[in-house]
Amino acid sequence: MQRFLTLAMLALLGGTATTAALAQPAVTTQYIPSRAYAAVIGRPEAILQKEALDLLPREIFSAAGLQTLGLDPTKIEQITGIIATDGALTDPPQAGMIVRFTAPYALGGNLAAQYDADADGKTLRPRDPSLPVLYKMSDTVLLGGTTDLVQEMAQARPADSALLRMITAQPPRSDITVYAALEMIQPQLQALVQDAPPLPGPFQPLLELPDHLKSLMMIANVKAMNEIQLGVQLTGYNAASTDRLAEILTGSMAIGKEMAVNQAKMDLDPADPIQNATAAYVDRVADAIEKSLQPQRRGDSLVVMMNNSAAVAPGVMVALLLPAVQAAREAARRSQSSNNLKQIVLAMHNYLDSHKAFPAAAIYSADGKPLLSWRVAMLPYLEENALYEQFHLDEPWDSEHNIKLLDQMPETYRNPNLELTTKTNYLAVTGAGAVFEGTKGRSIQEITDGTSTTILVVEANADQAVEWTKPADYTIDPENSMQNLGDLRDGGFLAAFADGSVHFLQQTIDRKMLGRLLTRNDGWPTQVP
């Protein structure tokens, strides 16, 4: 627990700087070594004093910091996180932090037990190697990071690097400022690209980014708890590189938008007014998001700025859109499943016309042993006669020959709500009083309750799906007629009736009424709710 609290508070120190900050003064760069290529800069004390963030638990942050670290994180004026390279991109990266306080600090609390001080009294080495080395630069500046990096930072020598020039040219004035001088690690990035798995064809141009992207800068300004301004600046090596960056980014966004829209609109039926309207809404939201992300050219840089309406509103719209898309998709899947059941019960009626009875629950051996499902017997009536003729009807479903036919399940048996290749959840109703009772098929005359109120096949729960050729189905439970039904889709399940109709039965249906619908001869008059 002590180690957890220590790590959590150190994460708080770094994390605060990446969540918000007020407009900042010039950053102290003297502790940033020349081999650092990325930096994140923030000002926790000013952030926590923002009126817009007044409801943040500042008191808790302060008390927890004092107890765990012996210092008050709300008194941190500025914190800078850096990542450095020694000619390679290491994993984990060589990271460090520079913490500047508004008042003298004194490490203590639970943190003191995690560190041992060197003879100089300034270097604190962790007993846990997962923690950073700390260095007391002064009574208001604390350094942290890997051993080598902390030593370089502590030397505080004037240095020059692409990263330092970036920070000097564009000092941090936003709540969050991120700098990445990618030119310093261009060879390593190019090597990573060469070793990376291949991208889909349309996204291949993204592999050119290390060739053209010189630096990256990101900012974020918190206006209120629910209002954020974001910005990204991409700078090329020259005008030609920036032109190519613009082509890559706009092209990739267009392709990504098209793929996302196609995915969102999958299964939507344009003939259905609501689903057609949903598709139009998908297009409108996608266009708005793409427009908000279009980069603007400024010299050799591309800038994307997103205010609250551009950055937050699309997210809200997507959040609103997803349920609509999901509902439309579910409607399409339900419609397809209903059509499957109609095809199944129509096949049963064609079988009835030929045999004067509905099929039995299985194809049985001479001694009454079930070998193959009724679903195999229905194949000739589903225009699958060629597949039917491949079965050995005198062998069980899992015989050496018949098992090889499992992967040829007809689409009619495939429920669109399930990603199954050899299993189906379209199960015949079996058991006492069911149409599929015993080893022989039932005639219309034996369905004395009426075909319009007697269920033949149900859409069972996903975990009840069976290999489609296996003689296994839904057995009525007299104590709970809803057993194994109603969980596949929201609100209920589909059922095919002996008259050829398909109905959606609500989960709230009276259990006794459902039991009567599942049997053919209970003698109780009822109707489909």
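## Strands and hairpins

Two strands are said to pair if DSSP finds at least two bridges between them, where strands (E, at least two residues) and helices (H or I, at least four) are DSSP runs numbered from the N terminus. This is a predicted model, in which local features need pLDDT of at least 70 and side-chain atom pairs count only at pLDDT 80 or more, while totals for chains, interfaces and linings use all residues. Residues are numbered from 1 along each chain as its sequence is written, and side-chain values use heavy atoms, with hydrogens and water left out.

Strand β4 (residues 115–117) pairs with strand β5 (residues 123–126) in the antiparallel sense over three bridges, and D116 has R125 in β5 as its bridge partner. Five residues lie between the strands of this hairpin, where G121 takes a positive phi near 75°. A further hairpin leads from β5 to β6 through six residues; β5 and β6 (residues 133–136) run antiparallel, joined by two bridges, and L124 stands opposite L134 in β6.

## The nonpolar cores

A nonpolar core is a set of buried Ala, Val, Leu, Ile, Met, Phe, Trp, Tyr and Cys residues joined through side-chain atoms within 4.5 Å, and buried means under 20% relative accessible area (1.4 Å probe, protein chains only). The largest such core has 38 residues, and M348, M378, L456, V457 and W468 are those with the most contacts inside it. Helix α10 gives the most to this core, with seven residues.

A second, separate core of 24 residues includes A36, I98, L143 and A162.

Technical notes. Buried means under 20% relative accessible area, exposed over 50%, partly exposed in between (1.4 Å probe, protein chains only).
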